[in-house]
Amino acid sequence: ATDVPVGEDQLQHINLTCDVATSFNTQYGKAVFPIPKVSLTENSRIMSLRVPTSKMSKSDASIQSRIDLTDTADSIHKKIKKSTTDNIFGITYEPKLRPGISNLLRILDGCLLVLEEKAKGLNMGNSSVNSDIRLQTLAQSYSEHSTAEFKTVVADAVEATFGPIREEYSRIVADRLFLEAVLKDGADKASEVAESTMRDVRN
């Protein structure tokens, strides 16, 4: 596989990897390393819950600024409830005028896409509908909701999306023997690939 799903802020890292792989392949005259291809996610930039004009980041000092995969349902609801919005009634998608509400719409849209595809048994991918059109349509469907009501809708969607991931994570980390076996198997496979790559380089 060469497609790498990333957000906009990771493009520079993929581009650097492409440059390194291309340079190496050119120097040795063979395709030793595959060239990665960028696959931008539908909502390629999710903003901070506290400062919706800045991107959401795990390195942010405030844990209230982000949703972690391991957050409990209660924590998710509290973070969304306290997220920065405005005092305008109704829900509209206007990123410049209403960055907080627009960010929550993007979060809701992303969750709904995942849940819809999961229900259909599909892999996560991009919708055939333009994201701006989809977000405007989504906003219209909640146009008469208060901000508090809309935040509850968003929190429920996030929990429905992240809940199964959190439960699976908890199950896996509790099984130490399984983790050790996975680590060993991964190390063995990595060694095989590395040895094969070095043989290609030497030849």
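Q: How many aromatic pairs does the structure hold?
A: This is a predicted model. The structure holds 3 aromatic pairs.

Q: How are the rings of Phe24 and Phe33 arranged?
A: Two values settle it: the spacing of the ring centres and the angle between the planes. Planes over 60 degrees apart count as edge-to-face. For Phe24 and Phe33 the centres are 5.0 Å apart and the planes stand at 65°, so this pair is edge-to-face.

Q: Which residues do ring pairs link into a cluster?
A: Phe24, Tyr28 and Phe33 are joined in this way.

Q: What describes two packed helices?
A: The angle between their axes and the distance between those axes. Take helix α3, residues 99-119, and helix α5, residues 147-173. Their axes are 9 Å apart, at an angle of about 40°. That angle makes α3 oblique to α5. The crossing of α3 past α5 is left-handed.

Q: Which residues make the contact of α3 with α5?
A: From α3 come Ile101, Leu104, Leu105, Ile107, Leu108, Cys111, Val114, Leu115 and Lys118. From α5 the list includes Phe150, Val153, Val154, Ala157, Val158 and Pro164. By class, the residues of this contact are 15 nonpolar, 2 polar and 2 charged.

Q: How do α3 and α4 cross?
A: Helix α4 spans residues 131-141. The axes of α3 and α4 come within 10 Å and cross at roughly 100°. Angles of 65 to 115 degrees count as roughly perpendicular. The two helices, α3 and α4, are therefore roughly perpendicular to each other.

Q: Which residues of α3 and α4 meet?
A: On the α3 side they are Leu105, Arg106, Leu108, Asp109, Leu112 and Leu113. On the α4 side they are Arg134, Leu135, Leu138 and Ala139. This contact of α3 with α4 has 7 nonpolar and 3 charged residues, with no polar ones. Leu105 and Leu108 also take part in the contact of α3 with α5.

Q: Where is Arg166, and is this residue buried or exposed?
A: Arg166 lies in helix α5. Buried means under 20% relative accessible area. Arg166 has 14% relative accessibility, so it counts as buried.

Q: What is Arg166 in contact with, leaving aside neighbours within four places in sequence?
A: Arg166 contacts Leu69, Thr70, Asp71, Thr72, Ala73, Ile76 and Glu159.

Methods: Residues are numbered from 1 along each chain as its sequence is written. This is a predicted model: local features need pLDDT of at least 70, side-chain atom pairs count only at pLDDT 80 or more; totals for chains, interfaces and linings use all residues. Side-chain values use heavy atoms; hydrogens and water are left out. Axes are lines fitted to C-alpha atoms, for helices over the stretch in contact, and angles run from 0 to 180 degrees between N-to-C directions. Helices (H or I, at least four residues) and strands (E, at least two) are DSSP runs, numbered from the N terminus. Angles under 35 degrees count as roughly parallel, over 145 as roughly antiparallel, 65 to 115 as roughly perpendicular and the rest as oblique. A crossing is left-handed if the near helix is turned anticlockwise from the far one by less than a right angle, and right-handed if clockwise. Contact means heavy atoms within 4.5 Å. Ala, Val, Leu, Ile, Met, Phe, Trp, Tyr, Cys and Pro count as nonpolar, Asp, Glu, Lys and Arg as charged, and the others, Gly among them, as polar. Rings of Phe, Tyr and Trp (its six-membered ring) pair if their centres lie within 6.5 Å; planes under 30 degrees apart count as stacked, over 60 as edge-to-face and the rest as tilted. Buried means under 20% relative accessible area, exposed over 50%, partly exposed in between (1.4 Å probe, protein chains only).
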